[in-house]
Structure formats: structure tokens, C-alpha cells
Amino acid sequence: MSRLALVPAFARLTLTPVAAGLVTLALLLPPPARAETCPAAPDHGGRLDVLFDEVQAAPSAAAAQRVVNRMWDLWADAPDARAQEILDRGLRRRGAQDFLGALQDFERLIAYCPDYAEGYNQRGFIRFIQRDYAAALIDLDRVLALSPRHVGALTGRGLTLMALGRSDAARADLLAALALNPWLPERRFLDALPPAEAETDL
């Protein structure tokens, strides 16, 4: 049976010719495609458990960095092929210092996959580079709500808090990151922080 045959007879008889033509055209057109929905991000919790054990037992900074690179492979494992394409393109643009183009890609990724942590992490990094520290902090808070052991975001939030003059909160984040990976090069920033308020009160 044709789709046109499904139009009620009274509709075809009482509509004006123009309206009837529009109804006919609408019925002949294919139905609109459903908007794509981003699937859940892969659960790499078990593999990260192993990698955190490895990085804490690493004999050198170079060995630790190799483990951290494998962590980044997991954090950058997007939920599906479309999300991966957007993320990879944004990372290429970031590497080429096309920060505006990268920001646009990361915003597309967040719009498509609002529960995928790495989109926020990368947008937060761009905002940090742009010195939009308040906006970067919002993104990094979201990353850590979704992925509490994301050492890159934890370290990035510490540096962002430093830039905002929130030294105690920055110290807390850097120490938390070092508890996960004692080889972090960002540990040097701890020496640049003023003493904690509790220490200055003594």
C-alpha cells in the first residue's frame, strides 16, 4: 500500500490544492533521521587500577612516563567513532596551535557526549592557555566529577587554582595528583606556593 493511500479521504477532499500538495510531499519524503546519541564512555577502571599500581612502582621518571602515556590512551578512548574523530581532530588542531579550531571541536564533542570526561578536559586546557581560568576551572571540576582519578585534570586544576590565587586548594590538588603518580613533573610547583594558612598562623 502506498503512503499516499494512508491519507484520510476527508483530508484530501477538504484541503486546498496547495495544502494538499504539501501533505502529499511530506508523505512521499523519507522520515527524518533520528539524532545520534552518544553511547556511554568505555569503562577502563580495571585497567587504570593496574596502571596506577605500575606508575607508583616505576623505578624512574622515564618508566613512569611510559605508564602515563598508556593512561592517556585510555582517557582519550572516546565512546564511539564519531566522538573519536572529533576528539582526534581537536587534538591535531591543538597541536598545530589552532586553539580556536580546537576549542570548536571540543565544544562539539561535549555537545555530542556530555558525559565523556575528555571533552571537558581538553576544553579546559584550551581555556587555561587562553587565561580564562574561571571557565577552565568549571571544565576541570566536571572532568573530575566524571573521572576522579584523571591525573591530568587534577594537575591542571591545581595549576588553574594557582593562577586564581587559591594556593591552599591548588596545593591540595597537586598533593592528590602526586599520591596517584609520585613522578609528576608538576611537583615542582609545590615549592612555588606560599605556606598554607594553618602554617602561617603558628
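Okay, let's start with a term: contact here means heavy atoms within 4.5 Å. Helices, for their part, are DSSP runs of H or I with at least four residues, strands are E runs of at least two, and both are numbered from the N terminus.

Now, a word on what you're looking at. This is a predicted model, so local features need pLDDT of at least 70 and side-chain atom pairs count only at pLDDT 80 or more, while totals for chains, interfaces and linings use all residues. Residues are numbered from 1 along each chain as its sequence is written, and side-chain values use heavy atoms, with hydrogens and water left out.

Let's begin with helix H8. H8 has 14 residues and reaches 20 Å from its first C-alpha to its last, close to the 20 Å expected at 1.5 Å a residue. That expected span is 1.5 Å times one less than the number of residues. Which residues of H8 are buried? They are Ala135, Ala136, Leu137, Asp139, Leu140, Val143 and Leu144. Buried, by the way, means under 20% relative accessible area, exposed means over 50%, and partly exposed is in between, with a 1.4 Å probe and protein chains only. The cover over the buried residues of H8 includes H7 and H9.

Helix H10 covers residues 167–180, so to speak the next one on my list. H10 has 14 residues too, and from first C-alpha to last it reaches 20 Å, close to the 20 Å expected. Its buried residues are Ser167, Ala170, Arg171, Asp173, Leu174, Ala177, Leu178 and Leu180. A nonpolar core is a set of buried Ala, Val, Leu, Ile, Met, Phe, Trp, Tyr and Cys residues joined through side-chain atoms within 4.5 Å. The largest one has 25 residues, and Leu48, Phe52, Val55, Met71, Trp75 and Val151 touch the most other members. H3, H4, H7, H8, H9 and H10 each give two or more residues to this core. Which element gives the most? That's H4, with seven residues. Take methionine 71 as an example: leaving out residues up to four places away in sequence, Met71 touches Leu48, Leu51, Phe52 and Val55. There's also a second, separate core of 13 residues, and it includes Cys38, Tyr112, Cys113 and Tyr116.

Staying with rings for a moment, the structure holds two aromatic pairs. Rings of Phe, Tyr and Trp (the six-membered ring for Trp) pair if their centres lie within 6.5 Å; planes under 30 degrees apart count as stacked, over 60 as edge-to-face, and the rest as tilted. One of the pairs is tryptophan 72 with tryptophan 75, edge-to-face, at 5.2 Å centre to centre and 85° between the planes. Both lie in helix H4, three residues apart, about one turn of the helix. Tryptophan 72 is partly exposed at 30% relative accessibility, whereas tryptophan 75 is buried at 7%.

Another ring to look at is tyrosine 112. The charged end of arginine 82 sits over the ring of tyrosine 112, 4.0 Å from its centre. For that label, NZ of Lys or CZ of Arg has to be within 6 Å of the ring centre and within 35 degrees of the ring normal.

Next, salt bridges, meaning a side-chain nitrogen of Lys or Arg within 4 Å of a carboxyl oxygen of Asp or Glu. How many does the structure hold? Eleven. One of them joins glutamate 54 and arginine 70, with the closest N and O atoms 3.0 Å apart. Glutamate 54 lies in helix H3 and arginine 70 in helix H4 (residues 61–75), so this pair ties together parts that are 16 residues apart in sequence. Glutamate 54 is partly exposed at 30%, and arginine 70 is partly exposed at 40%.

Aspartate 105 and arginine 89 make another salt bridge, 2.9 Å from N to O. Aspartate 105 is in helix H6 and arginine 89 in helix H5, so here the bridge ties parts 16 residues apart in sequence. Aspartate 105 is buried, with a relative accessible area of 0%, while arginine 89 is partly exposed at 24%.

And then there's arginine 157 with aspartate 173, at 2.6 Å, N to O. That one links helix H9, where arginine 157 lies, to helix H10, where aspartate 173 lies, again across 16 residues in sequence. Buried or exposed, these two? Arginine 157 is buried at 19%, and aspartate 173 is buried at 8%. Finally on this topic, salt bridges that share partners join Arg89, Arg93, Asp105 and Arg108 into one network.

Last stop, the loops. Most residues other than glycine have a negative phi. Glutamine 97, though, has a phi near 65°, a positive value in a residue other than glycine. Glutamine 97 sits in the loop between helix H5 (81–95) and helix H6 (99–112), and is exposed at 62% relative accessibility. Arginine 131 also has a positive phi, near 65°.
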